[in-house]
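Colleague: I have a new model open and would like to learn how to read it with you. Could we go through it feature by feature?

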Amino acid sequence: MEQSNKTARELFEAVKKNPTRRRFGFGARPALINVDLQKAYTCVGEFVTAYETDPKQLDYVNRLAAAMRAKNFPVVWTYVAYMDSGEDCGVWGTRTDTPDSLQNIKVGSRRSEFDDRLVIDRQRDIIINKRMASAFFETNLGSLFNFHRIDTVIVTGGSTSGCVRATAVDSLQRSYRTIVPEETTADKHESPHFANLYDMALKYCDVIPVAEAIAHLEAMPASQG
């Protein structure tokens with residue numbers, strides 16, 4: 001095992017300055033998955049489970065979503081929420097049982113609500129209540145993306161080390177070109193945040209500046225259905 005005194009942030013910055021892998025790049029038909037941008041994870045000061053990395057994260061997500069809608073590409077929002085018993089959380093919900101525990105995010109609760117700063121088109125955008133880490137796990141995203149002939153997936157949200165990474169890995173494993181705009185993800189602590197950006201950039205996806213992702217989308221032709 002290679003050893004280093006560099007922090008996770010420093011390792012990620014080094015990879016950004018001197019990339020060692022060729023990019024996957026964008027294809028012709030992208031979809032945007034915004035992972036779990038719900039109050040349990042975004043309302044810092046209200047919920048102990050919430051976190052913030054880039055203070056403009058949700059603004060960037062809104063800009064990406066607007067750029068996608070302008071080109072008639074799918075925008076997906078996921079959230080986690082469970083029945084009153086928490087039974088549908090499965091083994092994932094057995095490690096702790098406090099008011100802040102995952103399985104105690106109840107359907108219809110404030111913790112399950114999307115952040116009020118988000119701009120969601122509830123007539124057009126796809127909203128998915130997922131139960132596990134990946135947005136793809138036991139949801140209908142696969143069939144929806146087949147219908148839309150998607151070849152590229154852009155992933156935002158939280159946490160970088162958890163549900164964002166799980167979704168990005170599943171996206172790659174389904175042969176989608178996968179993009180993670182760096183400023184649109186967040187985690188509880190900077191070490192897992194930057195360690196997972198570093199790892200994803202080396203293995204699973206293109207980690208790029210959000211401005212680059214938006215510029216690429218704006219330059220793309222609109223989908224004709």
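Colleague: What radius of gyration would a compact globule with 225 residues have, and what does the protein have?

Modeller: Keep in mind that this is a predicted model. For 225 residues, a compact globule would have a radius of gyration near 17 Å, and the protein agrees, because its own value is 17 Å. The C-alpha trace spans about 50 × 45 × 30 Å along the principal axes.

Colleague: How many helices and strands does the protein have, and what pattern do they follow along the sequence?

Modeller: There are 7 helices and 7 strands. Read along the sequence, they give α-β-α-α-β-β-α-β-α-β-β-α-β-α. As for contacts between residues at least 6 apart in sequence, 79% of them join residues at least 24 apart.

Colleague: Let's turn to the interior. What percentage of the residues count as buried?

Modeller: Of the 225 residues, 52% count as buried. The general idea is that nonpolar side chains tend to be buried together in soluble globular proteins. Here, the largest nonpolar core has 35 residues, and W77, L118 and L217 have the most contacts inside it. Elements giving two or more residues to this core are α2 (39–42), α3 (57–70), β2 (75–80) and α7 (210–219). The largest share, 7 residues, comes from α3.

Colleague: Which residues does L217 touch, leaving out those up to four places away in sequence?

Modeller: L217 touches F26, P30, L64, A67, M68, K71 and I154. There is also a second, separate core, with 27 residues, including V76, I128, F136 and V153.

Colleague: Now for helix packing. At what angle do α5 and α6 pack, and how far apart are their axes?

Modeller: A helix pair can be described by the angle and the distance between the two axes. For α5 (residues 160–173) and α6 (residues 190–203), the angle is about 10° and the axes are 10 Å apart. An angle under 35 degrees counts as roughly parallel, and α5 and α6 are therefore roughly parallel to each other.

Colleague: Which residues meet where α5 and α6 pack?

Modeller: From α5 come T160, S161, V164, R165, A168 and L172, and they meet P192, H193, N196, L197, D199, M200 and K203 of α6. Sorted by class, this contact has 6 nonpolar, 4 polar and 3 charged residues.

Colleague: Is L202 buried or exposed?

Modeller: L202, also placed in helix α6, counts as buried, because its relative accessibility is 19% and the cut-off is under 20%. Setting aside residues up to four places away in sequence, L202 touches V15, T20 and R21. L202 and S85 are 117 residues apart along the chain, and their C-alpha atoms are separated by 40 Å.

Methods. Residues numbered from 1 in each chain as written. Predicted model: local features only at pLDDT ≥ 70, side-chain atom pairs only at ≥ 80, totals over all residues. Heavy atoms only, no water. Core = buried A, V, L, I, M, F, W, Y, C linked by side-chain atoms within 4.5 Å. Buried < 20%, exposed > 50% of the residue type's maximum accessible area, 1.4 Å probe, protein only. Helix = DSSP H or I, 4+ residues; strand = E, 2+ residues; numbered from the N terminus. Contact = heavy atoms within 4.5 Å. Axes fitted to C-alpha atoms, helices over the stretch in contact; angles between N-to-C directions. Parallel < 35°, antiparallel > 145°, perpendicular 65-115°, else oblique. Nonpolar A, V, L, I, M, F, W, Y, C, P; charged D, E, K, R; others polar. Rg over C-alpha atoms; globule rule 2.2 N^0.38 Å.
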